[in-house]
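Please read these notes beside the model. They are meant for someone who has not looked at it before.

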Amino acid sequence: MALRSSVDARVLIIGCGISGVGAAQKLIRQGFRNVRIIEATSRSGGRVKTGRLDGKIIEIGANWIHGPSQENPVFRLASQYQLLDEECMSEENQSVDIGGLPPLLSTWLSSSGKKLEAEVMAPAVEVFLSLLKKCQEFYTSSDAPMSSMGEFLEREALRISNEEWKEDETRKLRQALFSTLMKLECGVNGTHTMDDVDLGTFGMYKSLPGLDCTFPGGYDGLITHMMNELPKDIVLFNKPVKCIHWNNIHSQSSSKEGTCPVTVECINGEIFEADHVIVTIPLGYMKKHHDTLLNPPLPQHKMHSIQRLGFGTNNKIFLEFEQPFWDEECEVIFLVWEDEYDLQNHVSDMKTAWIRKMSGFTVLKPTERYGHILCGWIAGHESEYMETLPEEEVLHTVTRLLRRFTGNPTIAPKKLVRSQWFHDPYTCGSYSYVAKGCSGQDIDNLAEPLPLTGSEAEPLQVLFAGEATHKSFFSTVHGALLTGWREANRLISHYNPSPRKVTANL
Ligand SMILES: Cc1cc2nc3c(=O)[nH]c(=O)nc-3n(C[C@H](O)[C@H](O)[C@H](O)COP(=O)(O)OP(=O)(O)OC[C@H]3O[C@@H](n4cnc5c(N)ncnc54)[C@H](O)[C@@H]3O)c2cc1C
């Protein structure tokens with residue numbers, strides 16, 4: 001079958017998150033006229049989701065532009081749309097290069113209600129950061145001594161602690177802080193335990209220069225601006241896709257416009273025909289539905305990589321207070337359980353102890369914009385369990401926790417809003433990570449189109465984008481955007497087989 005012209009080619013994009021919107025934007029700019037986005041929910045943005053707490057902006061999903069500098073396409077777009085404040089736009093901010101680990105002014109509270117001294121805690125933070133740096137280096141040196149991050153961090157942290165910190169009380173407190181930092185790292189990686197994160201490939205993730213910044217008017221402003229550049233009726237909302245039939249499997253449905261290599265079947269029974277489909281569905285959803293999402297099914301190697309790669313949960317619990325109990329300059333509050341000096345990063349009894357998985361809180365700044373709001377971070381199965389509890393129970397448990405750690409029995413948050421990403425049926429978790437035993441090849445497998453080498457005789461049918469398909473920026477908004485552009489470029493090259501390479505950096 002001869003290729004249609006790019007102008008007429010029917011392209012369906014599944015998912016209206018940033019990767020889907022980015023792909024549509026690029027295709028339309030290149031003259032593709034027949035592009036539609038099919039979205040399961042009633043909104044665009046996916047994991048970019050801005051909410052409100054008492055009228056104040058809170059980010060239920062993505063929060064920061066990680067590495068806001070010229071190489072970051074989200075930063076470039078946000079600057080173009082004038083969505084960032086002066087500080088974030090400044091050359092100085094863009095040039096800060098701290099390897100993705102922003103230095104925050106911290107307060108450490110202990111489970112016996114004491115504020116812990118910076119002189120006691122700071123050395124443990126330093127050791128932990130240096131160990132993370134070491135983990136990153138194993139990617140290039142290829143000599144990771146063990147398979148998981150958890151094993152390595154635990155062994156090395158305890159070794160250093162025993163060798164360098166003799167005084168028992170301080171040593172135990174510092175080790176307890178290691179447990180807190182492990183829990184925090186579970187959230188950063190979107191995993192239940194660091195034992196599940198691959199050590200040798202941890203350094204495959206690349207951080208960009210620039211001190212992380214936020215969107216003063218909400219992250220969803222970025223999506224709104226991008227959507228404004230698309231034709232008004234491009235998105236079909238509330239249409240969860242059930243199955244993508246490819247390889248002419250539904251050829252009886254060929255329309256008057258000719259044969260139709262791909263048909264998309266929605267849960268409500270509607271069928272859409274296409275020459276090409278770009279799938280941007282989150283890895284969490286794919287893990288759950290990969291055996292029925294495509295017909296014929298996905299090739300084995302793709303299926304295996306979907307099963308092997310990691311996709312976990314990191315949730316936020318926002319709390320609003322009448323008055324702050326923290327110091328004015330404080331940016332982050334860490335919770336240190338004094339009995340956790342054996343480097344735990346998960347709890348033994350979910351029902352009674354899930355709250356122990358919460359590593360701490362970030363303080364929403366500036367105060368003039370947010371008032372007094374804390375954002376609590378909790379990852380893993382404990383986080384997934386928290387999602388199932390009534391809101392009042394979560395509020396009650398967090399209030400008890402705060403009273404214990406501050407030693408102040410009157411503390412009472414006035415409002416709570418939490419995210420529930422694991423039970424979101426179209427996300428099924430928060431973001432992807434390279435699980436123990438996986439490699440960059442698994443991400444390549446995930447990103448591989450069907451058929452693999454599109455040609456005039458065998459045109460591309462199903463293409464794959466979304467954050468989990470980016471080898472060095474997985475789990476981020478900029479990674480997701482780049483994959484949308486990458487797959488749009490793949491189609492553009494398909495119709496204009498020139499020296500242009502399929503690249504995301506355009
Ligand atoms: C709590 C949290 C905090 C985060 N913080 C940051 C951060 O600070 N900085 C950062 O860079 N990144 C952050 N991220 C990650 C970032 O949000 C994601 O990597 C990015 O938004 C993913 O975009 P995407 O287009 O790949 O997927 P999504 O945004 O998930 O879009 C996929 C779309 O597909 C739709 N869909 C799913 N199934 C179907 C179906 N069957 N039929 C039709 N449509 C379907 C979904 O509804 C969704 O709209 C965070 C994520 C979370 C959850």
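The points below take up the ligand site, the cavities, the salt bridges and some backbone details.

1. Basis. This is a predicted model, in which local features need pLDDT of at least 70 and side-chain atom pairs count only at pLDDT 80 or more, while totals for chains, interfaces and linings use all residues. Residues are numbered from 1 along each chain as its sequence is written, and side-chain values use heavy atoms, with hydrogens and water left out.

2. The ligand shell. Around the ligand stand 39 residues, the closest being Ser 19, Glu 39, Arg 47, Trp 64 and Val 477 (a residue is near if one of its heavy atoms lies within 4 Å). By type, the shell has 19 nonpolar, 15 polar and 5 charged residues. Here Ala, Val, Leu, Ile, Met, Phe, Trp, Tyr, Cys and Pro count as nonpolar, Asp, Glu, Lys and Arg as charged, and the others, Gly among them, as polar.

3. A polar side-chain atom of Glu 39 is 2.7 Å from a ligand oxygen atom, and a backbone N or O atom of Val 477 is 2.8 Å from an oxygen atom of the ligand. A polar backbone atom of Ala 40 lies 3.1 Å from a ligand nitrogen atom. The protein buries 98% of the 1000 Å² that the ligand exposes when taken alone (accessible areas by the Shrake-Rupley method with a 1.4 Å probe). Two or more shell residues come from each of helix H1 (18–29), strand E14 (314–320) and helix H16 (477–495). Helices (H or I, at least four residues) and strands (E, at least two) are DSSP runs, numbered from the N terminus.

4. Cavities. The whole structure contains 2 cavities of 30 Å³ or more. A cavity is a set of points, on a 1 Å grid over the protein atoms alone, where a 1.4 Å probe fits but cannot get out; lining residues have an atom within 4 Å of a point. The largest cavity holds about 90 Å³ of space, a volume being the space filled by probe spheres set on the points. Its lining has 14 residues, with Ile 281, Leu 283, Ala 465, Ala 468 and Thr 469 nearest the centre. That lining divides into 9 nonpolar, 3 polar and 2 charged residues.

5. Salt bridges. There are 25 salt bridges (a side-chain nitrogen of Lys or Arg within 4 Å of a carboxyl oxygen of Asp or Glu). In one of them, Asp 327 pairs with Lys 115, with the closest N and O atoms 2.9 Å apart. The partners are 212 residues apart: Asp 327 is in the loop between E14 and strand E15 (332–336), and Lys 115 is in strand E6 (residues 115–116).

6. Backbone. Asn 295 and Pro 296 are joined by a cis peptide bond with omega about 0°, and Pro 296 lies in the loop between strand E12 (294–295) and helix H10 (300–308). The peptide bond from Leu 450 to Pro 451 is cis too, with omega near -15°.

Key:
Polar contact = N/O pair within 3.5 Å; in protein donor to acceptor, adjacent residues only side chain to side chain. 1 Å grid on protein atoms, 1.4 Å probe; cavity = no way out; pocket = protein on both sides within 12 Å on 5 of 7 lines; lining within 4 Å.
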